[in-house]
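Dear colleague,

Please read the notes with the structure open beside them.

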Amino acid sequence: SPSLWTTATVSVEVADVNDNAPVFAQAEYTVFVKENNPPGSPILTVCARDADAQENARVSYSLVERRVGERALSSYVSVHAESGKVFALQPLDHEELELLRFQVSARDSGAPPLGSTVTVQVFVLDENDNAPVLLPP
C-alpha cells in the first residue's frame, strides 16, 4: 500500500498469409462479337479480386490452353496478363466457328500461388458476307 502500476504499449504487426484465391466478378462471361472483327480488337475484360494483401493479392491472368478443332486456342484469342483484357487475334468467321468457349485462369503472386478459372463464351454473330453461289446442274 499504496498500489503500484505501470503501462506499456505493445504493437503487433500481423503478416498476411496467402489464404485467399482470386475470385472472378462473374461466374461465367458471355459476349457477342460480330464476325469479321478487326484483328487485335478487345472483346471483353475478365476481372478477379483477391482478398489478401500486397503481393498475395496481385492477380495475373492467362488462357487455359486447348485445341479448337485443328488449331490452338491461342491462335484465336489472347489475354493481357495484368489487365484481364481478352483480345481476338484474328477475324472470327461465323461460318467456321459459331461459339468459342474457353477458360481464363487467375493466379495470385503468393507462395504457394492460389488460382481459379472462369469460363468465357464468345458467340460469333453472323453478317451477310457471303454471296450466293450457283451450283452446276
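Ala106 stands opposite Ser116, a residue of strand β11; strands here are DSSP runs of E with at least two residues, numbered from the N terminus. This is a predicted model, in which local features need pLDDT of at least 70 and side-chain atom pairs count only at pLDDT 80 or more, while totals for chains, interfaces and linings use all residues. Residues are numbered from 1 along each chain as its sequence is written, and side-chain values use heavy atoms, with hydrogens and water left out.

Strands β10 and β11 (residues 115-125) are paired antiparallel over nine bridges, where pairing requires that DSSP finds at least two bridges between two strands. A hairpin of six residues leads from β10 to β11. β10 (residues 99-108) is also joined by six bridges to β5 (residues 59-64), again running antiparallel, and within this pairing Val59 has Asp108 of β10 as its bridge partner.

There is also an open sheet of three strands, in the order β3-β9-β8, with antiparallel pairing. β3 (41-45) and β8 (77-79) are at its edges and have a single partner strand each, so one side of each lacks a neighbour in the sheet. From one strand to the next the twist averages 30 degrees, with axes taken as lines fitted to C-alpha atoms and angles running from 0 to 180 degrees between N-to-C directions. Within this sheet, β8 and β9 (residues 85-88) run antiparallel and are joined by three bridges, and Ser78 has Phe87 in β9 as its bridge partner.

Terms used: Helix = DSSP H or I, 4+ residues; strand = E, 2+ residues; numbered from the N terminus.
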